[in-house]
Amino acid sequence: MTRDEIERKLIDIVRHEKSDIPDEKLTAATPLAEAGIDSLDALTILFAIEEEFHVSIPDDQARSMKTFGDMIDIVEALVE
Amino acid sequence: MPRVAITGIGIVSPFGRGKRAAVDALRAGRSGVRLIESIDTAALNCRIGGEVPREAHEGLVKGHDRFTRFALIAAEEAVEEARFAAGNFDAERVGSIVGTGMGGCEMLDAGYKRIYGDNAPRVPPTTIAWSMYNAAASAVATRFGAKGLAYAVVSACASSAHAIGQAFRAIRSGEMDAVLAGGSDAPLTFGSIRSWESMRVMAIDNEHPEAACRPFSADRKGFVLAEGAAVFVLESFESAERRNQPIVGEVVGFGMTSDAGHITDPSADGAARAIALALRDGALTAADVGYINAHGTATRANDATETKAMKAALGERAYAIPISSTKSMHGHAMGASGAIEIACSLAALNDGVIPPTINLDVPDPECDLDYVPNAARQARVPLFLSSSFGFGGMNGVVAVRTVHGL
C-alpha cells in the first residue's frame, strides 16, 4: 500500500468519525487538538484504523501521535 | 421549605416521542408492545417488547449508548417546555439525576459479542465511557450546562422514582434551584432478554404482543420488557415564579424503603411503608389521593402483593381510588419505569384522563381494587401516587400534584 493510499483511507476514517473538520485542518502537520479531535475522538479513530488496516498500534505509539502526519507514519510502518 | 415545581415533562417511550403521543395512546388504551425490530430475535423465545419506534429516536442524537440517547431526547422535550436555559439559572445550582437499572446494555452487549462471540482483538474505545451507569446523567448535565450535583441512581426498577425523589429533596432542602431528573433504560438487547428469559417471569406471547402484559388479571403471566426515558425539569416555585414559567405539576412527597427481605420476592410491608412515608412526607392523607399509578408489573408475585400493600397503607380508602398499571401498555422499562409512569400519569391527568389498565379480562380475587379496567376515564384528579418496587427489595413512591391540585 502506498503512502498516498494510506492517507486517503485515513482521511475517510477521520471524516467518518468527525465530519465537521474543515479541509484546511486535515493536513499532515495540523495538531489533532487544533483539528478539534479530542482524546476520545483520537481513540475512536485509532480503533477504526486498527480495524481497517488489520494492525495493532502499541500504546506508546498511540500516545506519541500528535498530528495527522504521525498517524500516517505509524500506519505506514505497521503495514509494510 | 421550598415547594418543588414540575415545569417540563419529556418522554420517549414505546408510544413514540413526546407526551402527546403518550397521552393519545393512554386515552385510547392502545398498547405500544410489539415484535422487536431493533435486534435479530430469531434465536430468542421472547420476541416482543415495549420498543421505542425507530422514527421516534433514530438520527436525533449522535453517539452514546441507546439509553443515553433516550435520556437526551426526553430531556430536550422537558427543557423546551420549561424554557430552561442554563443562562436563566445559577448553573452551579442546577443538577442532573438520571436513574437507570441496566445502564449501557447496547454497548456492553455489542462489546461482549465481539470479545467472546467473534474473538475480535478489540472493542470500540467508547465502550467504557458510554456503557457506564452515569453516562446518561453526565450527558444531560453536559448538554444543558448543569454544574451542580449530578449522579445516576441505580436501584433496579425503582431507579428513576428514587432519582426524582432525590431531586425533589435537593430542591426542597435549598441545595439546588433546579434539577433535570428522570430515568432511562434500553435493555432490549439479546443478552439482556436471554437473561430475563431464564428468570421465567416474562409474558411471552409472540402472536399477540399487545395482549401479553395483563396486570391484575387472573390470567397474567409476567411482565413485558421495555425501554425508554422520561426526564423532568424540577425547580423551586420561587424559581418558576421568577421566570413567569407555568407550573405543570408539583412533587409533594417521597417515600423510600427497603424490604430487607428477598432479592426477587417483593414484600407487602416494604411497599406499604413506602406509600405511607410518601404521604407523611407530603403531609397528606389517604383521602388526598385521587389516583395511583401502580408498579403493576403483571407478574404473579407483584400484583397480589402490591394490592395488599395498598390496602395496608390506605385502609378502606384503597377501594375508592382509581388505580392503574400503565405497564399494560408501555411494558416495563426497568429503571426508567418510575419516570415514564409519572410522565404518563401527569400528562394524562393534566388532560383530564385517567389511564386504564388494559388486558384486565379475568378478575383475580387477590386483586380486588379498582384498576380502571380496559377503558380510560374522564376525571379531574388533583393528586396521585406513583409506586416503583425494584428487585433487591428497593421501593420508591412519589406523590405528585397535577395542575388541578395547584
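Modeller: Angles under 35 degrees count as roughly parallel, over 145 as roughly antiparallel, 65 to 115 as roughly perpendicular and the rest as oblique. This is a predicted model, in which local features need pLDDT of at least 70, side-chain atom pairs count only at pLDDT 80 or more, and totals for chains, interfaces and linings use all residues. Residues are numbered from 1 along each chain as its sequence is written, while chains are lettered from A and ligands numbered from 1 in the order in which they are written.

Colleague: Why are helix 9 and helix 10 of chain B called oblique to each other?

Modeller: Helix 9 (residues 268-281) of chain B packs against helix 10 (residues 300-314) of chain B at about 45°, with axes 8 Å apart. Axes are lines fitted to C-alpha atoms, for helices over the stretch in contact, and angles run from 0 to 180 degrees between N-to-C directions. The pair is therefore oblique.

Colleague: Which residues of helix 9 of chain B meet helix 10 of chain B?

Modeller: Ala268(B), Ala271(B), Ala272(B), Ile275(B) and Ala276(B) do, and their partners include Thr305(B), Glu306(B) and Lys308(B). Contact means C-beta atoms, placed from the backbone, within 7 Å.

Colleague: What makes residues of this contact nonpolar, polar or charged?

Modeller: Ala, Val, Leu, Ile, Met, Phe, Trp, Tyr, Cys and Pro count as nonpolar, Asp, Glu, Lys and Arg as charged, and the others, Gly among them, as polar. The contact of helix 9 with helix 10 of chain B thus has ten nonpolar, one polar and two charged residues.

Colleague: How many helices and strands are there in chain A?

Modeller: Chain A has four helices and zero strands, counted as DSSP runs (H or I, at least four residues, for helices; E, at least two, for strands).

Terms used. Contact = placed C-beta atoms within 7 Å.
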